Amino acid sequence: MISNQNWQIGIATHTGPVKQINEDDYFIQTIEDAVGNEFTIVAIADGMGGYERGDAASKMAITILEQWWDRNIKKFLKKKNCLQRLITEMNQLFNKMNKQLLQYGTKIGTTFSILMLYKGDYAICHVGDSRIYQFKGGNVGFQNFFRALSDREGMEFLKKQNTETLETDVEIVQLTEDHSWVEQQVKKGKLTKEEARNHRKRNVLTQCLGIENGINPWGQMGTYQSSDLFLLCTDGFYSMFSNDEIADTILGLEKEYTDLQTLADYLVNLANYTGTKDNITVILLRNIFNKENDNNQSHDKFNLLSFLNHKRWS
């Protein structure tokens, strides 16, 4: 797990008000390369309750990723174009997961979404309808984090970054594409986003792990800044709100709270209160000190807080 001072992290998961078993699972780890740059991976899986053992499916996929990480990540960090190579590797790993799930003996399925962060670049590999969002251009939470330190050096860091609170510039970007029947209808112009969110077939997937032979994982690469916030979540959360509502809620919470764990807990409770019928998992992640994008600012002098004191609920 990530436990150093370079990250803000919040993780919360809950069975929700209807289901008896939490079929969601997640994985998060970080490692340094030979020169001290951090590579971080975050994965989220939503086992499919419509099949017999959704919890077993998500757990199996996470376990396969964890085993791969322990055996292979160090050698990949030594290669050029690391993230590009890892997208290819993750595609192969997803197909391995799919085959093993198909061999389980009974039909079990899961979504699977992976976010990899390294030196200001990100890479994604994804199947299903769990989501990864990037919040860009919002500095409220980033600034409040340093102000909460009551440290002159923290304020000095903000001045050097030349950050300003420009709420109108905040942009929420859904980085993943939903592999669902309703998303296909949206692309065809037959449904609006709001109609898709409330449609009775919104849980019908066109692709996931463990149900059919042959999958085509979706991949993407991009960049991020230290003020950017990433959100990974299952449909038990995002199905209750529009993207704008999610963005407005998080922006409002970051004005009041300085740690992402409080935000993650609040978002899960909000989905429960709003009446979700599924399991809920929310992961919030911000790379406070991104060496590549922050011009190698020294960060040893900052007495930052650790926000990985998270708790799983079953």
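Trainee: Where is Thr192 found?

Mentor: Thr192 is in the loop between helix 5 (181-187) and helix 6 (193-198). Helices (H or I, at least four residues) and strands (E, at least two) are DSSP runs, numbered from the N terminus. Residues are numbered from 1 along each chain as its sequence is written. This is a predicted model: local features need pLDDT of at least 70, side-chain atom pairs count only at pLDDT 80 or more, and totals for chains, interfaces and linings use all residues, while side-chain values use heavy atoms, with hydrogens and water left out.

Trainee: Why does Thr192 count as partly exposed?

Mentor: Because its relative accessibility is 41%. Buried is under 20% relative accessible area, exposed over 50%, and partly exposed in between (1.4 Å probe, protein chains only).

Trainee: What separates the C-alpha atoms of Thr192 and Val182?

Mentor: 9.2 Å, with the two residues ten apart along the chain.

Trainee: New topic. What is the strand order in the open sheet?

Mentor: 1-10-9-6-7, five strands with antiparallel pairing. Two strands pair if DSSP finds at least two bridges between them.

Trainee: Which are the edge strands?

Mentor: Strand 1 (7-14) and strand 7 (171-174), each pairing on one side only.

Trainee: And how many bridges join strand 9 to strand 10?

Mentor: Four, between residues 229-233 and residues 280-287. Cys233 stands opposite Val282 in strand 10.

Trainee: Which strands does helix 8 touch?

Mentor: Helix 8 (residues 243-256) packs on the sheet against strand 6 (131-136), strand 7, strand 9 and strand 10. Contact means heavy atoms within 4.5 Å.

Conventions. Axes fitted to C-alpha atoms, helices over the stretch in contact; angles between N-to-C directions.
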